Amino acid sequence: MVDVTEKEMDNPTFKSDTVLSDVHLHCPNKRHLVVRLNAVGQPVFLSYFKILWNTEDSPSEKHVREAITEREHLYGSGDELCDQERNTLKKERELNCEGVEALLDDDGDLEVVRRPRSASDLEAEDLLRDRVYPVILMKGKDDAFEDTEQDCACSDVVKIEHTMATPLEDVGKQVWRAAFLLADYILFKRDMFRCCLVLELGGGTGITSIIMGTVAKRVYCTDVGEDLLAMCEQNVALNKHLMERGRGEVKVKELDWLKDEFCTDPEAPYSWSEEEIADLHDHCTVIMAADVFYDDDLTDALFRMLYRITHNLKNSCTVYLALEKRQVLNFTLRHMDVTCEAYSHFRNTLNDLESLQDGKMKYTVEPIKLDFCQFLVYERIEQL
């Protein structure tokens with residue numbers, strides 16, 4: 001359901017009461033298993049994400065190349081491949097290799113090849129798409145799924161419990177592209193993060209902290225909300241096999257950006273001990289956050305928390321921030337364009353932090369080029 005509110009006649013804002021991430025639709029096994037209902041009655045799914053160590057082709061390039069090969073095989077089993085079909089396949093190869101220019105005519109217009117659609121055409125077209133069923137299955141405690149369980153015994157499969165669609169306040173229970181982008185960077189630069197102590201802000205399902213835990217000495221994965229933190233802790237337990245080789249450790253802790261202090265109440269779940277706070281302040285050299293910049297007030301709160309934490313660190317620290325600019329898009333009549341106000345606010349706040357001069361701290365902001373290898377299956381879109 002989408003509601004339309006109008007702050008001003010020339011500035012309508014479109015708001016949705018349900019937010020959906022589509023990252024899980026690219027899972028290799030193409031099925032999504034409901035393992036339980038969480039404390040608020042939302043179905044919790046279990047997805048499997050394979051780490052691709054051979055990255056000569058990106059996952060998307062490999063998928064298209066394999067689909068075209070399958071399609072050629074489908075049509076070429078006899079002599080049914082007519083000249084027009086051959087030309088279509090040739091253009092698909094050109095598009096995959098050279099980009100959209102391959103489908104432009106001499107005048108620069110997009111050239112679309114059309115032909116009658118038959119049942120075989122539809123079947124072949126399906127090969128070029130990620131089939132999403134979702135198969136909804138309820139898993140009992142003693143159930144075994146042979147092929148999936150065998151895959152997950154491997155050391156290159158990440159298992160993540162998550163929800164599929166939530167209200168905005170529960171978006172941390174979903175998996176998001178920027179978390180995978182940051183995970184890719186960790187895997188690409190794993191020697192740089194080896195044996196570090198790392199803090200993640202807004203860890204959500206914990207997938208980025210889990211990947212970091214395969215190389216870092218210790219990771220404090222933080223967020224707020226007992227139900228979310230319980231899901232995150234479950235995901236850490238599901239992936240201990242990944243961290244055992246590097247002897248890494250992931251600790252799930254509460255960190256509320258709207259509060260000035262760490263939660264140290266021993267009766268509260270996911271609270272901090274004095275020793276853990278001292279450990280963070282004495283040894284932390286890396287802070288990271290992914291897909292947490294979708295609300296201006298939360299962005300302000302995160303930067304205030306970031307400022308407080310870095311002021312107490314004994315060592316210099318590098319902060320890695322990843323986000324997808326499409327998270328909050330509004331079309332305004334005033335600008336006659338689609339704008340991303342949350343991203344603009346993030347950039348402005350980041351610039352304020354860089355220009356801050358208090359005599360104690362200096363912040364330097366540098367962009368990272370996204371030309372590093374892709375190790376996980378997701379769409380690395382230009383908005384990342």
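This is a predicted model: local features need pLDDT of at least 70, side-chain atom pairs count only at pLDDT 80 or more; totals for chains, interfaces and linings use all residues.
Residues are numbered from 1 along each chain as its sequence is written, and side-chain values use heavy atoms, with hydrogens and water left out.

The protein chain holds 12 helices and 15 strands, taken as DSSP runs numbered from the N terminus (helices H or I, at least four residues; strands E, at least two). Of its 384 residues, 42% are buried, where buried means under 20% relative accessible area, exposed over 50% and partly exposed in between, for a 1.4 Å probe and protein chains only. Among contacts (heavy atoms within 4.5 Å) between residues at least 6 apart in sequence, 70% join residues at least 24 apart.

Helix 5 covers residues 177-188. Because 11 of its 12 residues are buried, helix 5 is largely enclosed by the rest of the structure. The buried set runs through Arg177, Ala178, Ala179, Phe180, Leu181, Leu182, Ala183, Asp184, Tyr185, Ile186 and Leu187. Their cover includes strand 5 (43-50), helix 6 (190-193), helix 7 (207-213), strand 12 (284-290) and strand 13 (318-322).

The loop between strand 8 (165-166) and helix 5 contains Lys173. Lys173 has 4% relative accessibility and therefore counts as buried. Leaving aside residues up to four places away in sequence, Lys173 touches Asn38, Val40, Gln42, His162, Thr163, Thr205, Asp227, Leu228 and Met231. Lys173 and Cys232 are 59 residues apart in sequence, yet 8.6 Å apart in space, C-alpha to C-alpha.

Helix 11 (residues 296-311) packs with helix 12 (residues 341-355) at an angle of about 25°, their axes 10 Å apart. Axes are lines fitted to C-alpha atoms, for helices over the stretch in contact, and angles run from 0 to 180 degrees between N-to-C directions. The pair is therefore roughly parallel, a term for angles under 35 degrees. Asp296, Thr299, Asp300, Phe303 and Leu306 of helix 11 meet Glu341, Ala342, His345, Phe346, Thr349, Leu350 and Leu353 of helix 12. By class, this contact has six nonpolar, three polar and three charged residues; Ala, Val, Leu, Ile, Met, Phe, Trp, Tyr, Cys and Pro count as nonpolar, Asp, Glu, Lys and Arg as charged, and the others, Gly among them, as polar.

Methods. Angles under 35 degrees count as roughly parallel, over 145 as roughly antiparallel, 65 to 115 as roughly perpendicular and the rest as oblique. The expected span of a helix is 1.5 Å times one less than its number of residues.
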